[in-house]
Structure formats: structure tokens, C-alpha cells
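Q: I'm new to this one and would like a close look at a single part of it. Could you walk me through what surrounds one residue, and then through the stretches leading up to it?

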Amino acid sequence: MSTPSELTAYKAFIDGLISRRGTLTYRLQAFSSGEWPREHAGKLDALPEDIRDAIRAIMISTAEAATHDVLAYLDEQDVRLEAGGTRLPHAPYGSPLHEDWALRVQNLPWYDEE
């Protein structure tokens, strides 16, 4: 059974990954309007908006798939994580790390917060 501090650390780890996703999304939204990446902005501005949107969606999907795959691999290899000196519980809600992350990506609440 996980302690409250372990569950808090687990949630913070997953939500921290989600917050990094926001940074990528912000950058890619800027790219969609021709602001990012600067070294290619002139070339990308010439693309129709629907093409820039498609490229942005592909890049976001690729980044999310990579995060999911790394978390799935960590689980498959039975890797145990520690954050801030607190050992993160293994599958505290009965689901693997990558599935908990995938639910949070969809803005779903934690199982104990429903």
C-alpha cells in the first residue's frame, strides 16, 4: 500500500511530465503561426495554414508517443522511480505508469479524485 506522500510524489511526477507537454504544445502552436522555429520561419510561412497545422499535430503526436513508449518501457523493465527522495509507488491505482500518464494527457482526474 502506498503512503500519502508516495502518492503525492507519483502524481507530481506524472503531472510534471504533462506540464512539459504544455511547453512543447506552446512552441508548436507558435510554429503554426509562423513564429517557430526562427531559423526556418520564412520557409514555413509560405506553407498553407492547414499544412502547418498538420505538421504541428504530427510533431505533438510523435512527442506524446515517445513519452508513452519510454514510460511503458520503464514499466516493462520493472524500473522503480524516485523523485525528490521519495520512492514512487508501482501502479498505485492498479494501472501501469504509461496508462496513468495517458489518462492525465486527456485531462482526466486521478482515480482518487473522481
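Predicted model: local features only at pLDDT ≥ 70, side-chain atom pairs only at ≥ 80, totals over all residues.

**Around aspartate 100**

A: A polar contact of 2.4 Å links the side chain of aspartate 100 to that of serine 95. Aspartate 100 itself sits in helix 4, which covers residues 97-105. Aspartate 100 is buried, yet has no salt bridge. The nearest side chain of opposite charge belongs to arginine 104, and that is 9.0 Å away. If you skip the neighbours within four places in sequence, aspartate 100 is in contact with Tyr10, Ile14, Tyr93, Ser95, Trp110 and Tyr111.

Now step back along the chain. In the loop between strand 2 (86-87) and helix 4 you'll find alanine 91. Its phi is near 50 degrees, a positive value in a residue other than glycine. That's worth a look because most residues other than glycine have a negative phi. Alanine 91 counts as partly exposed, since its relative accessibility is 27%.

Further back, aspartate 78 lies in the loop between helix 3 and strand 1 (82-83). Aspartate 78 isn't a glycine either, but has a positive phi of about 60 degrees. With 47% relative accessibility, aspartate 78 also counts as partly exposed.

Helix 3 takes in residues 49-76, and its 28 residues should span 40 Å at 1.5 Å a residue; the end C-alpha atoms are 40 Å apart, so the two agree. Buried residues in helix 3 include Arg52, Arg56, Ile60 and Glu64, and Leu71 and Ala72 are buried too.

Note on methods: Residues numbered from 1 in each chain as written. Heavy atoms only, no water. Helix = DSSP H or I, 4+ residues; strand = E, 2+ residues; numbered from the N terminus. Buried < 20%, exposed > 50% of the residue type's maximum accessible area, 1.4 Å probe, protein only. Lys, Arg positive; Asp, Glu negative; His and termini not counted. Salt bridge = Lys/Arg side-chain N within 4 Å of Asp/Glu carboxyl O. Polar contact = N/O pair within 3.5 Å; in protein donor to acceptor, adjacent residues only side chain to side chain. Contact = heavy atoms within 4.5 Å. Expected span 1.5 Å × (residues − 1).
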